[in-house]
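Let's take a walk through a protein together. Have a look at the sequence and the model first, and then we'll pick out a few spots.

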Amino acid sequence: MITSVRSIALTCALGALGAALTACGGPAAPHAARRAPAAPATSAAPSRPPTLAPGPAGLTPVFTNGPRTPDKTVALTFDADMTADQGPRAAAGEHFDNPPLIRTLRAFKVPATVFMTGRWADQYPREARDIGRDPQFEIGNHSYSHYAFTGDCYGLPTVSEDAMRADVERAYTAFERAGVRNAMPYFRFPGGCYDQRSLRTLSAVGVTAVQWDVVSGDAFATDADAVARQVLDGVRPGSVVVMHCTRSAAPVTERALHTIVPELRKRGFRFVKVSQLIGASAGRR
């Protein structure tokens with residue numbers, strides 16, 4: 001789960017968030033580019049997911065939003081968080097998934113991107129496979145462990161520098177084990193926390209780091225209307241909205257969608273996946 005963004009150029013504050021965050025189940029497809037350096041969409045083969053070119057000094061590129069054009073597109077993203085040590089809580093009955101949210105997205109015919117942890121896929125393999133094979137969705141990588149890739153990241157345990165790449169690769173392996181095909185070469189840092197060291201370390205994985213420009217505030221929220229207002233107040237053309245699909249840690253997100261989706265459509269917005277925004281951004285560079 002994500003409550004704030006620490007980036008080199010941007011800090012987005014959310015409420016403090018617990019070390020253990022939970023999520024939904026999302027669609028995915030194998031990771032076509034995870035072992036090759038990311039390449040601009042304009043030079044990629046038609047079947048290759050669009051990615052951004054590496055940043056300065058070959059650092060992992062970071063994507064926060066698409067073009068601010070009259071074509072009013074918006075990407076809803078949902079983090080399927082589950083930390084590596086939360087198995088006992090799941091065994092005791094805590095729900096880190098959210099099937100009703102996925103059903104609502106399907107009913108509304110809203111394409112979406114789910115950033116899934118490998119631990120979540122191991123816990124809910126049927127849901128991971130179901131979402132991953134649904135063309136309405138795409139699955140991005142949210143690490144295996146949901147441990148932080150920087151120090152001092154909202155109480156999350158920390159992945160050592162020499163274990164970062166393995167943690168990302170382990171998540172892709174978990175997706176494959178669950179039957180997810182074509183997981184996207186997109187990575188969202190746990191807690192939204194990253195720095196030059198983590199961007200440099202992950203450059204060999206060939207992913208584009210995906211952040212956001214609209215914080216929904218759904219983590220641990222109890223007021224669905226407040227979540228909806230926060231999203232509606234923040235969305236601009238090309239926005240990436242961060243939400244969660246976890247019944248225990250984001251219990252009102254599904255209800256908030258019943259306000260968010262019709263209102264954004266009324267305002268002329270069209271829902272797309274992150275890959276479409278990245279493709280549009282890469283094509284304009």
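How many aromatic pairs does the count come to? The answer is six aromatic pairs, in what is, keep in mind, a predicted model.

Take Phe149 and Phe189 as an example. Their ring centres sit 5.7 Å apart, and because the planes meet at 75°, with anything over 60 degrees counting as edge-to-face, this pair gets that label. The two residues are 40 apart in the chain, so to speak, linking distant parts of it: Phe149 is in the loop between strand 6 (137–141) and helix 5 (164–178), while Phe189 is in the loop between strand 7 (186–187) and helix 6 (196–201). Phe149 and Phe189 are both buried.

Arg170 lies over its face, 3.8 Å from the ring centre.

Now hop over to helix 9 (residues 274–283), where you'll find Ser275. Is Ser275 buried or exposed? Its relative accessibility is 12%, and buried means under 20%, so Ser275 counts as buried. Setting aside neighbours within four places in sequence, Ser275 is in contact with Pro50, Glu138, Met184 and Tyr186.

Finally, zoom out. The protein chain has nine helices and 11 strands, and 58% of its 285 residues are buried. Among contacts with a separation of 6 or more, 82% are between residues 24 or more positions apart.

Terms used
Residues are numbered from 1 along each chain as its sequence is written. This is a predicted model: local features need pLDDT of at least 70, side-chain atom pairs count only at pLDDT 80 or more; totals for chains, interfaces and linings use all residues. Side-chain values use heavy atoms; hydrogens and water are left out. Rings of Phe, Tyr and Trp (its six-membered ring) pair if their centres lie within 6.5 Å; planes under 30 degrees apart count as stacked, over 60 as edge-to-face and the rest as tilted. Helices (H or I, at least four residues) and strands (E, at least two) are DSSP runs, numbered from the N terminus. Buried means under 20% relative accessible area, exposed over 50%, partly exposed in between (1.4 Å probe, protein chains only). A charge sits over a ring if NZ of Lys or CZ of Arg is within 6 Å of the ring centre and within 35 degrees of the ring normal. Contact means heavy atoms within 4.5 Å.
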